[in-house]
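Hi,

Here is the structure for you to look over. My notes follow below it.

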Amino acid sequence: KNDQKGFSFHPKVNLGRYEEKLKKRGKFLDRLKQDKKSKESRLKQGKDEAMLAFTFKPKLTYKAYEKKQKKKVGKGGTFLERYKADMEKRRKRLQVARSKKDQTHVGLDFRPKINTKSKYYSKR
């Protein structure tokens with residue numbers, strides 16, 4: 001086709017001496033997988049060697065964590081049931097607070113009487 005158009009250049013991949021070497025290594029995707037595995041193993045080995053320099057190994061206790069895990073949130077049930085119970089507690093608390101407030105203000109019903117002259121001036 002290129003000869004018909006007047007082109008003399010015919011590109012080719014010249015593997016030559018590398019062709020046998022590449023055949024031995026296998027397919028490209030297989031080589032990528034193998035390279036990834038070897039890189040990961042080298043990194044792990046380097047990490048293990050670096051960790052040998054750190055000789056201090058603390059003993060970790062998780063008492064606080066375990067204590068938190070044993071705590072239960074709410075009394076169980078669905079979210080709406082817990083919400084209803086919380087709102088009921090809140091309503092009772094407010095009722096108690098209002099009744100205490102009303103008891104402290106017993107007898108404090110003083111209202112000054114305004115005479116007619118003062119009413120007349122306040123309306124102007």
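In which helix is Arg-31 found? Arg-31 is in helix H3 (residues 28-51). Helices here are DSSP runs of H or I with at least four residues, and strands are runs of E with at least two, numbered from the N terminus.

Some ground rules. This is a predicted model: local features need pLDDT of at least 70, side-chain atom pairs count only at pLDDT 80 or more, and totals for chains, interfaces and linings use all residues. Residues are numbered from 1 along each chain as its sequence is written, and side-chain values use heavy atoms, without hydrogens and water.

The overall picture: the protein chain has 6 helices and 0 strands. Of its 124 residues, 1% count as buried. Buried means under 20% relative accessible area, exposed over 50%, and partly exposed in between (1.4 Å probe, protein chains only).

Back to Arg-31. Arg-31 is buried yet has no salt bridge. A salt bridge needs a side-chain nitrogen of Lys or Arg within 4 Å of a carboxyl oxygen of Asp or Glu. The nearest side chain of opposite charge is Asp-35, 6.8 Å away. Lys and Arg count as positive, Asp and Glu as negative; His and the chain ends are not counted.

Now the aromatics. The whole structure holds 1 aromatic pair. Phe-79 and Tyr-83 form that pair, stacked, at 6.3 Å centre to centre and 20° between the planes. Rings of Phe, Tyr and Trp (its six-membered ring) pair if their centres lie within 6.5 Å; planes under 30 degrees apart count as stacked, over 60 as edge-to-face and the rest as tilted. Both residues lie in helix H5 (residues 79-104). Phe-79 is exposed, at 57% relative accessibility.

Best wishes
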